[in-house]
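Colleague: Hi, could you walk me through this one? I have a few quick questions.
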Amino acid sequence: MKTKRNGSVSKFGILLVMLLFTDAFSLCRAQSKLSLQDAVTRALGSRASLNAEAERITSAQGREKQSALIPNPTFEFENQNLRPGQTYTRDVDTYAFLTQPLDILGKRKQRINSAAKEVSSAQAQYELARREVMQSVKHSY
């Protein structure tokens, strides 16, 4: 700040200091109060571990859906006795095979039941993790 010859501070310097202080005080605000429900909601929304548990449920449901589907058939096309100098239509043997796997012993039902148990287990683990987060937040609050 500049001082005049008689030792007083200039009006511009005082104005500058006042502007700096008012700017600094406007940045300092009190924290807003956070209710218990808001704290729990924020914690549940920001936990990566809960998002991972939710994705485990989704993947288990996908495996359950896959276990209920029938296996894909296979198609094989084969040429035998194909040698140089032979006529393809007369000398070569051509075979085509279509194979559909069958479930005779009931393994498909067992796979479906196992996948359904996996889904319910993943859902239970998600609920447990969710409740642990809620209890932790409530205890900390």
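This is a predicted model: local features need pLDDT of at least 70, side-chain atom pairs count only at pLDDT 80 or more; totals for chains, interfaces and linings use all residues.

Colleague: Thanks! Which residues make the nonpolar surface patch?

Modeller: F75, F77, L82, Y88 and L98 make a patch of about 620 Å². Patch residues have over 30% relative accessible area and no salt bridge, with nonpolar side chains joined within 5 Å.

Colleague: Is F77 buried or exposed?
Modeller: F77 counts as exposed because its relative accessibility is 54%; the cut-offs are under 20% for buried, over 50% for exposed and partly exposed in between, with a 1.4 Å probe and protein chains only. F77 lies in strand β1, residues 74-80.

Colleague: New topic: what is the phi of N81?
Modeller: Near 65°, a positive value in a residue other than glycine. Most residues other than glycine have a negative phi. N81 is in the loop between β1 and α4 (88-91), and N81 is partly exposed at 38%.

Colleague: And how do α2 and α5 cross?
Modeller: The axes of α2 (residues 36-46) and α5 (residues 107-140) come within 9 Å and cross at roughly 140°. That makes α2 oblique to α5.

Colleague: Last one: how far apart are the C-alpha atoms of Q61 and A122?
Modeller: They are separated by 9.4 Å, though 61 residues apart along the chain. Q61 is in helix α3, residues 48-68.

Key:
Residues are numbered from 1 along each chain as its sequence is written. Side-chain values use heavy atoms; hydrogens and water are left out. Patches are made of residues with over 30% relative accessible area and no salt bridge: like charges are joined within 9 Å, nonpolar side chains (Val, Leu, Ile, Met, Phe, Trp, Tyr) within 5 Å. Accessible areas come from the Shrake-Rupley method with a 1.4 Å probe; for residues, only the protein chains shown count as cover. A salt bridge is a side-chain nitrogen of Lys or Arg within 4 Å of a carboxyl oxygen of Asp or Glu. Helices (H or I, at least four residues) and strands (E, at least two) are DSSP runs, numbered from the N terminus. Axes are lines fitted to C-alpha atoms, for helices over the stretch in contact, and angles run from 0 to 180 degrees between N-to-C directions. Angles under 35 degrees count as roughly parallel, over 145 as roughly antiparallel, 65 to 115 as roughly perpendicular and the rest as oblique.
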